[in-house]
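Take a walk through this fold, from the overall layout down to single side chains. Keep the model open as you read.

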Amino acid sequence: MKRAIPVLVLSIAGLIPVWRYEPSLGTTTETAAPASTPSAASSAAAGSGNTVVKGSTVQTDKGPVQVQATFQGDKITAVKMLQQPNHPQTTAAVPKLIAETLDAQSADIDTVSGATITSDGYRESLQAAIDANAESASSSAASPSESAAAQARTVDGSTVNTDKGPVQVQVTFEGDKIASVKMLQQPNHPQTTAAVPKLIAETLDAQSADIDTVSGATITSDGYRESLQAAIDAKG
């Protein structure tokens, strides 16, 4: 009996390390998300110059198909499937369709054998994204020029011959607003020289040719108003 006691003690001692290092039952385990369909040969870097456009959702006999294309200007840099049929042939076809798109830089790509329906839906959705990107780029390009035209339209008024000499103004409009007035012709007379800044200041304040005559420069004032009104009328 005395010999059995040491054996039991050693057995218990050998189990202690096992209990001490047993993992906690509360430890959580991360599960990796399933791999998604490749969206491009290389992912596009996020930043300025990139435009992400969703194509139309195309309903096919196999299920909905929708792509998302990333553009740098008009260049297609990446394509991602947002919706696609849950079918092995579709899964196999998508990387091929994307690779051909990046190579062709258009929706004019071949049908993948065994995935005709998906290929057709892919091309249609992709073309919608390409068209939307082109339309957006066209609008962006047109807007600055239209804005510039509205902000800086210069119109010459008529030349009015007065007893003191010809009077002609040039008006710059920003939209309908008179932004500035410049004298192209005016009588070489001290009273005219003194009157012109007053006439221009009143014009910018009144935003019309309905301004007062400057004392001592009646003839110049009348010619100024007539030329100014002609410029306003010409601007339309």
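How many helices and strands make up the secondary structure of the chain? There are five helices and eight strands. The model is a predicted one. From the N terminus on, the elements run α-β-β-β-β-α-α-β-β-β-β-α-α. The chain has 236 residues, and 31% of them count as buried. Its accessible surface comes to about 14,700 Å², with 52% belonging to carbon and sulfur atoms. Take the contacts between residues at least 6 apart in sequence: 45% of these join residues at least 24 apart.

Start with helix α2. It covers residues 88–104, 17 residues in total. From first C-alpha to last, α2 reaches 25 Å, close to the 24 Å expected at 1.5 Å a residue. The helix still bends, by about 25° at Val94. A proline, Pro95, follows within four residues. Several residues of α2 are buried, among them Ala93, Val94, Leu97, Ile98 and Leu102. Thr90 and Thr101 are buried too. Just after the helix, Gln105 takes a positive phi of about 60°.

Now turn to the interior. In soluble globular proteins, nonpolar side chains tend to be buried together. Here the largest nonpolar core has 21 residues. Strands β3 (63–72) and β4 (75–83) each give two or more residues to this core, as do α2 and α3 (116–151). The largest share, five residues, comes from α2. Which residues have the most contacts inside the core? They are Tyr122 and Leu126. A second, separate core has 19 residues, including Phe173, Ala209, Ile211 and Tyr224.

Ala179 is found in strand β8, residues 177–185. Its relative accessibility is 29%, so Ala179 counts as partly exposed. Gln207 is 28 residues from Ala179 along the chain, yet their C-alpha atoms are separated by 8.9 Å.

One joins the side chains of Arg123 and Asp120, at 2.4 Å from N to O. Both residues lie in helix α3, three residues apart, about one turn of the helix. An α-helix has 3.6 residues a turn, so residues three or four places apart point the same way. Arg123 is buried, at 17% relative accessible area. Asp120 counts as partly exposed, at 38%.

Helix α5 holds another such pair, Arg225 and Asp222, again three residues apart. Their salt bridge is 2.5 Å, N to O. Arg225 is buried because its relative accessible area is 18%, under the 20% cut-off. Asp222 is partly exposed, at 37%.

The remaining salt bridge links Lys235 and Asp176, with the closest N and O atoms 2.5 Å apart. Lys235 lies in helix α5 (residues 218–235), whereas Asp176 sits in the loop between β7 (165–174) and β8. The pair therefore ties together parts that are 59 residues apart in sequence. Asp176 counts as exposed, at 67% relative accessibility.

How values were computed:
Residues numbered from 1 in each chain as written. Predicted model: local features only at pLDDT ≥ 70, side-chain atom pairs only at ≥ 80, totals over all residues. Heavy atoms only, no water. Expected span 1.5 Å × (residues − 1). Bend = angle between axes of the 7 residues up to and from the residue. Buried < 20%, exposed > 50% of the residue type's maximum accessible area, 1.4 Å probe, protein only. Core = buried A, V, L, I, M, F, W, Y, C linked by side-chain atoms within 4.5 Å. Contact = heavy atoms within 4.5 Å. Areas by Shrake-Rupley, 256 points an atom, 1.4 Å probe, with all protein chains shown as cover. Salt bridge = Lys/Arg side-chain N within 4 Å of Asp/Glu carboxyl O.
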